[in-house]
Amino acid sequence: MDQLAALLDGPRAHGAFLLRSILDPPWSLRIQDEAPLSVVAQVRGESWITFDGGEPVRVEPGRVAIVRGPEPYTVADDPATKPQIVIHPGQRCTTLDGESVYQAMDLGVRTWGNDPGGGTVLLTGAYNLEGEVSRRLLDVLPRLIVEPGGPLIGLMSAEIVKDEPGQEAVLDRLLDLLLIAVLRAHFAANEAPGWYRAMSDPIVGKAMRMLHNNPAHPWTVAALAAEVGVSRASLARRFTDLVGEPPMAFLTDWRLALAADLLREPDATIGSVARKVGYSSPFALSAAFKRVRGVSPQQHRAGAVT
């Protein structure tokens, strides 16, 4: 597993919100659903996305916008169009006065809008990502990414209106594929985080994958260096230069990120989580968790930290 896969391997799309919007100008949607991550694919027409206090960004047909929340933003046919509809948490849609518009704008299976023949068609997917593993990637993303979506847009457009057995699972996986494709394109064309670039290094990339795939192993720098075929000093230097932190610091962060996810599972105990992520006892995990995150595992699980 790598860091990009980790975004979706834990709290990946599972019954994600998915909707096709058909709109005719003028239209403007105020998005304040607080979703940590949203995907907006432009099938037809164009849209403008504007964060409060920011410059409008145009989204042309065939392109996909990845929006990192939870800050509100506006999607409109024109930056000058005033918001008409508000999207609230839980994807509840109302007028500015709070009146529900869901029934009035229902156009069929996962389809919504103000005109069935409208000139703008959007496909929207929203993730509810609460896991710490996902947050490690979300933290390095800009608020808005716009990249070409390729043939996946057409495939999702065809599938989103179907109501067949297993359709929800099909759409979840298509949303995951579209998200990963856009993130890959973005990282290829822009300054990618160190850990992403390091994944292609024949030595450091191999070491990172070993840490990702087996966090419970009692790793040391010497043991890791032996596995990848270099000296301890060489691995430590090269890993730190490319990733931005030493191997064991990276491993600790990864273990605690996994632990933070696992602690939210209803049947998990601190002891069982400790064993899964490489700590010898519940006390050892608790001490590391408190030292790095400032709260105990119990406080984290109880929701003291969001």
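Q: Hi! Leaving aside neighbours within four places in sequence, what is Asp-52 in contact with?
A: Hello! Asp-52 is in contact with Arg-30 and Pro-72, once its neighbours within four places in sequence are set aside. Do keep in mind that this is a predicted model.

Q: Thanks. Where does Asp-52 lie?
A: Asp-52 lies in a loop, the one between β4 (47–51) and β5 (57–59).

Q: And how far apart in space are Asp-52 and Thr-74?
A: From C-alpha to C-alpha, Asp-52 and Thr-74 are 8.1 Å apart, while in sequence they are 22 residues apart.

Q: What is the relative accessible area of Asp-52?
A: That value is 49% for Asp-52, which makes this residue partly exposed, because exposed means over 50% and buried means under 20%.

Q: Let's move to Arg-44. Which strand is its place in?
A: Arg-44 sits in strand β3, which covers residues 37–44. Arg-44 is partly exposed too, with a relative accessible area of 40%.

Q: Which residues does Arg-44 touch, not counting those up to four places away in sequence?
A: Arg-44 touches Gly-118, Gly-119, Thr-120 and Val-121. Take Thr-120: its C-alpha atom is separated from that of Arg-44 by 5.1 Å, though the two residues are 76 residues apart along the chain.

Q: What about such contacts in the protein as a whole? What share comes from residues 24 or more positions apart?
A: Of the contacts with a separation of 6 or more, 72% are between residues 24 or more positions apart.

Q: On to the helices, then. How many residues of α6 are buried?
A: Seven of the 10 residues of α6 are buried, so this helix is largely enclosed by the rest of the structure. The buried ones are Val-204, Gly-205, Ala-207, Met-208, Met-210, Leu-211 and His-212.

Q: How do α6 and α9 cross?
A: The axes of α6 (residues 204–213) and α9 (residues 247–262) come within 10 Å and cross at roughly 35°. The crossing is right-handed.

Q: Which residues meet there?
A: On the α6 side they are Met-208, Leu-211 and His-212, and these meet Pro-247, Phe-250, Leu-251 and Trp-254 of α9. By class, this contact of α6 with α9 has six nonpolar residues, one polar and no charged ones.

Q: One last topic: cavities. How many of 30 Å³ or more does the structure hold?
A: There is one cavity of 30 Å³ or more. The largest cavity has a volume of about 40 Å³.

Q: Which residues line the largest cavity?
A: The lining is made of Asp-33, Glu-34, Ala-35, Ser-38, Val-67, Gly-69, Pro-70, Glu-71 and Tyr-73. By class, the lining of the largest cavity divides into four nonpolar, two polar and three charged residues.

Terms used. Residues numbered from 1 in each chain as written. Predicted model: local features only at pLDDT ≥ 70, side-chain atom pairs only at ≥ 80, totals over all residues. Heavy atoms only, no water. 1 Å grid on protein atoms, 1.4 Å probe; cavity = no way out; pocket = protein on both sides within 12 Å on 5 of 7 lines; lining within 4 Å. Points joined across faces, edges and corners; volume = space filled by probe spheres on them. Nonpolar A, V, L, I, M, F, W, Y, C, P; charged D, E, K, R; others polar. Axes fitted to C-alpha atoms, helices over the stretch in contact; angles between N-to-C directions. Helix = DSSP H or I, 4+ residues; strand = E, 2+ residues; numbered from the N terminus. Left-handed = near helix turned anticlockwise from the far one by under 90°. Contact = heavy atoms within 4.5 Å. Buried < 20%, exposed > 50% of the residue type's maximum accessible area, 1.4 Å probe, protein only.
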